[in-house]
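Please keep the sequence and the model in view while reading.

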Amino acid sequence: MSAFKSDFLRTLSERGFIHQISDEAGLDALLAKETVTAYIGFDPTAPSLHAGGLIQIMMLHWLQQTGHRPIALMGGGTGMVGDPSFKEEARQLMTLETIAANTASIKSVFSRYLAFGDGPKDALMVDNSEWLRGLNYLDFLRDVGRYFSVNRMLSFDSVKMRLDRQQSLSFLEFNYMILQAYDFVELNRRYGTRLQMGGSDQWGNIVSGIDLGHRLGTPQLYALTSPLLTTASGAKMGKSLSGAVWLNPDMLSAYDFWQYWRNTEDADVERFLKLYTTLPLDEIARLAALGGSEINEAKKVLATEVTAMLHGRADAEGAAETARKTFEEGALAESLPTVELPAAELEAGIGVLALFVRAGLAASNGEARRHVQGGAVRVNDQPVADDRRVVGAADVTTDGVVKLSLGKKKHVLVRPV
């Protein structure tokens, strides 16, 4: 680990954020002597980012905390093309309406991590559609496209992987690298941006922006990438058994988000505390030293701290309390996820497999059947061994609900209405 002079690089280095830097000494010196504007791009491919993108948001958070200015760049323009980097196949093209709706939805999360405003260190949210959608194609080809070597673009790992697998790479996607490079130059012209950050899969695209800046007369630009994260067992960050771990509260509850982090593997606890919380390093070291079953206490701290940043302290502590009541006291916590079912359906009786699908605990009857065969299914805390079991009005508890459980950690209340 280098002995960085700047608070920002020292913080990132100590907490495990750094994979590559284009000019370590130059960037460190710049950060140590002036307020630096840096950005990360987010393409609006869905209505919400997921937990896999949280490392990027935390990098912007630490940038601002150490006295610099972050820009969250929304890809309203590049989202029309789709980033081909390390993708098996082309993304589905989105309509302008979908891009606009996704962009608006994604924006809401950033204010949890960044302070926006008009001051010299206040965060900015910018959309690259401002300059990309109005480009004249012929002018752009002459002024910018001529600086890009196809030979060099083909040498990037992100492109080679697709070609080596003999998957088509469209001309549309090939333009993405040029557009992202142009974003870097445009952000330098408009906001004095000197640094672009991103995941390690973005290295080629970011370096292309630095090269383009050289040719178009910007000051020296810099690149910094974070490692692409997987869990200790190799799973992709931001994915759970039930799907993506969304950041937007309307797509994933605070309780389910808390549970995702509570289920962190033992080997990942220290790393995730450093990356995803703002706890001091000595406190993280203390938590990481806990052994045996005590590691579960560290996981609860991790879950509560990560959830508090996104959902607020009250919701995070509420999720922790719900979990404690449910698992440690066996109580029926009212804040468990709830689905409503017409009372007439329960009166008539509904098959347990169909009910688990309706409750979102299984994707299909076949999956629910496998869970029953594996002994993971419970109704009102009683194991279900027969996949033909019918759930009816007699199963409604004195609390007015039926509690469905999948394994020890997934619970849904079914409430007749």
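A nonpolar core is here a set of buried Ala, Val, Leu, Ile, Met, Phe, Trp, Tyr and Cys residues joined through side-chain atoms within 4.5 Å. Buried means under 20% relative accessible area, exposed over 50%, and partly exposed in between, with a 1.4 Å probe and protein chains only. The model is predicted: local features need pLDDT of at least 70, side-chain atom pairs count only at pLDDT 80 or more, and totals for chains, interfaces and linings use all residues. Residues are numbered from 1 along each chain as its sequence is written, and side-chain values use heavy atoms, leaving out hydrogens and water.

The largest nonpolar core has 65 residues, of which Phe-8, Leu-224, Trp-261 and Tyr-276 touch the most other members. Helix 3 (residues 54–65) gives the most to this core, eight residues; helices (H or I, at least four residues) and strands (E, at least two) are DSSP runs numbered from the N terminus.

Rings of Phe, Tyr and Trp (its six-membered ring) pair if their centres lie within 6.5 Å, with planes under 30 degrees apart counted as stacked, over 60 as edge-to-face and the rest as tilted. This rule gives eight aromatic pairs. The rings of Tyr-39 and Phe-184 are edge-to-face, because their centres are 5.6 Å apart and their planes stand at 70 degrees. Tyr-39 belongs to strand 2 (residues 37–42) and Phe-184 to helix 10 (residues 176–191), 145 residues apart.

In helix 12 (residues 254–262), eight of the nine residues are buried. Among them is Trp-261, at 0% relative accessible area.
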